[in-house]
Amino acid sequence: MTNFIQHITFIVLILATFMAGSEQAFAQENPIQIPGGSFHSILPEVEGEPIEVEDFYMDELAVTNADFLEFLEQNEEWRRSNIPAIYADSGYLKHWKDDLDPGENVKPYQPVTRISWFAANAYCRWAGGRLPTLNEWEYSAQLMDFDSAEEMNEFANELMGWYSAVDVQNTKTVGSTDIENRHGIKDQFGLIMEWVEDFKPPISNEISLDCGTVGRMQKLGNTYSYAASVRYITRMSFNPKMTTGMVGFRCAYDAGKTKQQAEKSL
């Protein structure tokens with residue numbers, strides 16, 4: 001009976017976290033508006049009909065260790081010693097010293113990693129938002145401007161190098177990559193990979209991360225093609241309990257909701 005009561009209590013706490021989001025302030029003070037538009041994905045699409053994305057807001061930066069610590073201080077059910085195995089594997093925040101102590105080797109402004117999809121979702125709800133959808137994240141990532149073909153090619157080469165050898169032992173601090181899209185969203189490349197709401201589309205069951213598959217999926221024919229192929233395929237291999245040192249997240253917000261929040265704060 002005791003175990004049953006503890007289980008029910010935890011479920012209630014989890015639901016409370018998800019429902020509390022609308023009353024929390026944004027984790028980052030000024031999420032950036034991304035005007036809607038369209039883009040091409042490496043996934044199958046109807047010829048001549050690029051993927052449409054509506055206006056939305058997204059955090060400028062990935063969620064940091066300091067941000068996540070604040071979340072854990074207010075939501076004890078998501079602490080390392082409390083989270084049940086159904087919501088995260090054994091690697092959840094294992095590089096932190098303790099539940100509420102990242103330790104000296106974990107910097108406050110490094111992106112938080114070793115976070116499951118469930119925990120990332122809970123954080124964004126608590127922060128008043130949600131995880132970006134796959135299409136929102138990818139659309140934003142392609143909104144970059146280059147001054148020349150040479151600059152574009154150099155960027156593409158850097159991306160290939162980064163995706164070939166992500167260094168999880170020396171993660172930079174957020175905002176340090178000098179990579180940002182035309183609206184000011186930073187570090188979508190070169191820092192970590194990021195959870196998205198729908199990271200595992202149905203096609204994922206037929207795909208594996210091998211050279212042949214990556215080659216066949218490079219359909220964009222532009223700077224992002226190789227990086228996008230690796231990123232899509234890698235993400236599709238994840239499961240929602242998975243935690244790794246190369247995956248963190250940032251939050252997104254519905255445009256209408258954000259405007260309401262802004263008006264409320266005036």
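How many disulfides does a search of the whole structure find? The search finds one disulfide, defined as a pair of cysteine sulfur atoms within 2.5 Å. The model is predicted, with local features requiring pLDDT of at least 70 and side-chain atom pairs counting only at pLDDT 80 or more, whereas totals for chains, interfaces and linings use all residues. Residues are numbered from 1 along each chain as its sequence is written, and side-chain values use heavy atoms, with hydrogens and water left out.

The disulfide links C124 and C251 at an S to S distance of 2.2 Å; the link is left-handed, with -90° about the S-S bond. C124 belongs to helix α3 (residues 117-126) and C251 to the loop between β6 (247-248) and β7 (252-254), so the pair ties together parts 127 residues apart in sequence. Helices (H or I, at least four residues) and strands (E, at least two) are DSSP runs, numbered from the N terminus. Both C124 and C251 are buried, that is, under 20% relative accessible area (1.4 Å probe, protein chains only).

R130, in the loop between α3 and α4 (134-141), is likewise buried, with a relative accessible area of 14%. Contacts of R130 (heavy atoms within 4.5 Å) include both C124 and C251, as well as F56, E197 and Y253, residues up to four places away in sequence not being counted. The side chains of R130 and E136 are joined by a polar contact of 2.9 Å, the term denoting a pair of N or O atoms within 3.5 Å; within protein, one must be able to donate a hydrogen and the other to accept it, and residues adjacent in sequence count only if both atoms are side-chain atoms.

Note on methods:
Buried means under 20% relative accessible area, exposed over 50%, partly exposed in between (1.4 Å probe, protein chains only).
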